[in-house]
Amino acid sequence: MSERRAYFNDGRRANDRNWPADNESRGNKARQVSRLKVRTKSLLIDQDNKCLSLNGQKIELTPKEFELVALLSSNAKHIYSAEEIISHLWPESDRADKSDLYQYMHMLRKKIEKDPNNPQWLRTVKGFGYKLLLEAEDKKLKSRPKANP
C-alpha cells in the first residue's frame, strides 16, 4: 500500500516539517499585509476577518471598498496617489481610471463618515492623493483638557 501525501504546486509536501509554517517567514508580503490590524479608540480594521468596525458597529463593505481601506491603513502616514491606488485595486485592468476611484471613495465615505462632505477619516490631500487619517482621533484625545480630580 502506497503512502498518500499532499503536495503543493512547488513540490513541497504539506506534512513536511522542514519548511516554515507561517507565511511571514516564507517572505510572502501579500500574506504579511493580510495580518494587518489597525485599532484606534473608535476604528478597527481587521484584515484577517475582512471587517471594519466604527464605534463598535460593524460596517458592511464590498471587497473593493475593504481593499481600499486596507491599502490606506497599511501605512497611515503615506499619502497614496490616485495612480498608486488604481494600480493596487485594479492591477490587471488598464480601463480603470480616476472616476472609478472617485466613485469608490464616495461610496466608502458615505458608509464610514458622519459627514461625507467633510470627511474625518478618508482625507483628500489636494494635488497629492488620499490618506487615512488615524492621527486625528489621537489629536482630539490629546487636545481635550484633563479633568481635575
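Two packed helices are described by the angle between their axes and the distance between the axes. Here the axes are lines fitted to C-alpha atoms over the stretch in contact, and the angle is taken between N-to-C directions. The model is a predicted one.

Helix α4 covers residues 98–112, which is 15 residues. From its first C-alpha to its last it reaches 21 Å, close to the 21 Å expected at 1.5 Å a residue. Five of its residues are named as buried: Leu-101, Met-105, Leu-108, Arg-109 and Ile-112. Seen down the axis of α4, the buried residues fall within an arc of 100°, so they line one face of the helix.

What covers that set of buried residues? The cover includes the helices α2 (63–74) and α3 (82–89), together with the strands β3 (51–54), β4 (57–59), β5 (122–125) and β6 (129–132).

Take α2 next. It packs against α4 at an angle of about 90°, and the two axes lie 10 Å apart. Angles of 65 to 115 degrees count as roughly perpendicular, so α2 is roughly perpendicular to α4. On the α2 side the contact is made by Lys-64, Glu-65, Leu-68 and Val-69. On the α4 side it is made by Leu-101, Tyr-104, Met-105, Met-107, Leu-108 and Lys-111. Leu-101, Met-105 and Leu-108 are among the buried residues of α4.

Two of the covering strands, β5 and β6, pair in the antiparallel sense over 4 bridges. Arg-123 stands opposite Lys-131 in β6. The two strands form a hairpin with 3 residues between them, and Gly-127 in the turn has a positive phi of about 85°.

Methods:
Residues are numbered from 1 along each chain as its sequence is written. This is a predicted model: local features need pLDDT of at least 70, side-chain atom pairs count only at pLDDT 80 or more; totals for chains, interfaces and linings use all residues. Side-chain values use heavy atoms; hydrogens and water are left out. The expected span of a helix is 1.5 Å times one less than its number of residues. Buried means under 20% relative accessible area, exposed over 50%, partly exposed in between (1.4 Å probe, protein chains only). The arc is that of the directions from the helix axis to the C-beta atoms. Contact means heavy atoms within 4.5 Å. Two strands pair if DSSP finds at least two bridges between them. Axes are lines fitted to C-alpha atoms, for helices over the stretch in contact, and angles run from 0 to 180 degrees between N-to-C directions. Angles under 35 degrees count as roughly parallel, over 145 as roughly antiparallel, 65 to 115 as roughly perpendicular and the rest as oblique.
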